[in-house]
Amino acid sequence: MVQSPIDINTSATAKDANLPSLQFSYSSFPISIVDNGHTIQVNTNTYAAANTVSYKDKKYQLKQFHFHAMSEHTINGEHSPMELHLVHAADDGALLVVGLMIKEGTANNMIDLVWSNIPDTENKEEQRTIAINVKDVLPAALGYYNYIGSLTTPPCAMGLNWFVMKEPLFLSAAQIAAFRQLYSHNYRPVQPLNNRTVHEKP
Ligand SMILES: [Zn+2]
C-alpha cells in the first residue's frame, strides 16, 4: 500500500539538487467554486489547458485546487494549520499533486478572492467573474519533497506523483480562521511509508 499523506522525516530524505524542476505555467482565469461538503474547491474547467505544470517533459493540467485543515502531510511529525492541494492530470490520466503547507504570516490576496466567493449553498458549483492567477500562491523557491502516493479522499487511488513544496504558503491568521470556521478537521491521518523513498530537491 502506497497511501497519502505521509510524515516527511527530513533527516531520511534522498537529497539531490539535480532532480528535475517543476515548471509551472499558470495564467489567470475566472473561478468556478464549490463547497462540496468536504472542502472548498476551485475548478479550472475549460481553463485547465491554460494552467499547466511540466515535470520530466510531461505536461499536466491543473484541474482543481482545494484546502485541508490541519495539513495532511506532516514535516518531522508537525502539522501546519492548513494545506493547499493543486491537482493536475496528464492526458493519459496520470496525476500530479502539488501540496503547499500553509503557515500563519501575511495575508494572501488570491486567497481573499477565493474566500469572498465561497457559495452559500453546499454542492452548488458557482461560476464567478472574478479572475485569479494560481501563480500568486506559489513560493519563490521551488524546492520540493517528492514521493509516490495516493489521493487522500476515497477512492484513495494510488500511483500519484506527490510534490510537497519546501517553502510554505503564508496566510493571515484571519484567513486561516475563516477556512477553519467551515472545515477544521478535513484531513486524513498520515499513512505508513512502507519502504518508499522521499526525494528532496533542496
Ligand atoms: Zn487534498
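## Rings, strands and a zinc site

A search of the whole structure finds ten aromatic pairs. Here rings of Phe, Tyr and Trp (its six-membered ring) pair if their centres lie within 6.5 Å; planes under 30 degrees apart count as stacked, over 60 as edge-to-face and the rest as tilted. Two of the pairs are set out below.

| Pair | Type | Centre to centre | Between the planes |
|---|---|---|---|
| Y55 and F163 | edge-to-face | 4.8 Å | 70° |
| F179 and Y183 | tilted | 6.0 Å | 40° |

This is a predicted model: local features need pLDDT of at least 70, side-chain atom pairs need 80 or more, and totals for chains, interfaces and linings use all residues. Residues are numbered from 1 along each chain as its sequence is written, and side-chain values use heavy atoms, without hydrogens and water.

Seven bridges join β13 to the antiparallel strand β12, residues 144-150. Strands pair if DSSP finds at least two bridges between them. N146 stands opposite F163. In β15, N146 has H199 as its bridge partner. Six of the seven residues of β12 are buried.

Which residues hold the zinc ion's protein donors? They are H66 (NE2), H68 (NE2) and H85 (ND1), 2.0 to 2.1 Å from the zinc ion. Donors are N, O and S atoms within 2.8 Å of the metal (3.2 Å for Na, K and Ca); water is not among the atoms, so sites may look incomplete. Both H68 and H85 are buried.

How values were computed
Buried < 20%, exposed > 50% of the residue type's maximum accessible area, 1.4 Å probe, protein only. Helix = DSSP H or I, 4+ residues; strand = E, 2+ residues; numbered from the N terminus.
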